[in-house]
Amino acid sequence: MKGKEAADAYFERLAERTSDLDAPISMQAGLAQVRAITSAGMHSADDLSQIKIPVFVANGDNDLMVASEHSKDMATRLPESRLRIYPNSGHGGVFQYHH
């Protein structure tokens, strides 16, 4: 399934859920997320070598918010990581290719 078709299927699945929805994030959390995105790559990398649990690092190959290179770098710094770059997808690749 191509990226646009996968995105459309995701939004169809999303519309099916009408109850037990997640609460909106707080303004503080939203601002922290924007700061993290806009400052990516502008400071020395965090030491992730102490994280000893499996981590799935995912990104789309056409993500305009987080460059795939950042995900690849993160995966190399996590001892127990698995990297997946989803084809024909942007920031929502993990939702487009949910199986």
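Residues are numbered from 1 along each chain as its sequence is written. In this predicted model, local features need pLDDT of at least 70 and side-chain atom pairs count only at pLDDT 80 or more, while totals for chains, interfaces and linings use all residues; side-chain values use heavy atoms, with hydrogens and water left out.

**Stop 1: the whole chain**

The chain contains 4 helices and 2 strands, and from the N terminus on the order of elements is α-α-β-α-β-α. Helices (H or I, at least four residues) and strands (E, at least two) are DSSP runs, numbered from the N terminus. The C-alpha trace spans about 40 × 35 × 25 Å along its principal axes. Of the 99 residues in the chain, 19% are buried. Here buried means under 20% relative accessible area, exposed means over 50%, and partly exposed lies in between (1.4 Å probe, protein chains only).

**Stop 2: the largest pocket**

Select Ala36, Ala40, Val66, His70 and Met74. Among the 30 residues that line the largest pocket, these five are the closest to its centre. The space in this pocket amounts to about 780 Å³. A pocket, computed on a 1 Å grid over the protein atoms alone with a 1.4 Å probe, is an open set of points with protein on both sides within 12 Å along at least five of seven lines; lining residues have an atom within 4 Å of a point. Grid points are joined across faces, edges and corners, and the volume is the space filled by probe spheres set on the points.

Next, colour the elements that give two or more residues to this lining: helix 2 (27–38), strand 1 (55–60), helix 3 (68–77) and helix 4 (93–96). By class, the lining of the largest pocket consists of 14 nonpolar, 12 polar and 4 charged residues. In this classification Ala, Val, Leu, Ile, Met, Phe, Trp, Tyr, Cys and Pro are nonpolar, Asp, Glu, Lys and Arg are charged, and the others, Gly among them, are polar.

**Stop 3: the second largest pocket**

Select Tyr10, Arg13, Leu14, Arg17, Leu21, Asp22 and Phe95, which line the second largest pocket. The volume of this pocket is about 160 Å³. Helix 1 (residues 3–16) supplies the largest share of the lining, 3 residues. The lining has 4 nonpolar and 3 charged residues, with no polar residue.

**Stop 4: salt bridges**

Keep Arg17 and Asp22 selected and show their side chains. Arginine 17 and aspartate 22 form a salt bridge, with the closest N and O atoms 3.9 Å apart. The criterion is a side-chain nitrogen of Lys or Arg within 4 Å of a carboxyl oxygen of Asp or Glu, and by this rule the count comes to 2. Arginine 17 is partly exposed at 41% relative accessibility, whereas aspartate 22 is exposed at 65%.

For the other pair, select Arg77 and Asp73, whose side chains meet in a salt bridge at 3.0 Å, N to O. Arginine 77 and aspartate 73 are about one helical turn apart, because they are separated by 4 residues in helix 3. Arginine 77 is partly exposed at 24% relative accessibility, and aspartate 73 is partly exposed at 36%.

**Stop 5: a nonpolar surface patch**

Select Phe56, Val94 and Phe95 and switch to a surface view. These residues make a nonpolar surface patch of about 260 Å². Patches are made of residues with over 30% relative accessible area and no salt bridge; like charges are joined within 9 Å, and nonpolar side chains (Val, Leu, Ile, Met, Phe, Trp, Tyr) within 5 Å. Accessible areas come from the Shrake-Rupley method with a 1.4 Å probe, and for residues only the protein chains shown count as cover.

Phenylalanine 95 belongs to helix 4 and is partly exposed at 44% relative accessibility. Phenylalanine 56 sits in strand 1 and is partly exposed, with a relative accessible area of 39%. Draw a C-alpha distance from phenylalanine 56 to histidine 70: the two are 14 residues apart in sequence and 14 Å apart in space.

**Stop 6: two further distances**

Select Gly92, in the loop between strand 2 (81–86) and helix 4. Glycine 92 is partly exposed at 25% relative accessibility.

Finally, select Thr38, in helix 2. Threonine 38 is exposed, with a relative accessible area of 55%. From threonine 38 to glycine 90 the C-alpha distance is 17 Å, at a sequence separation of 52 residues.
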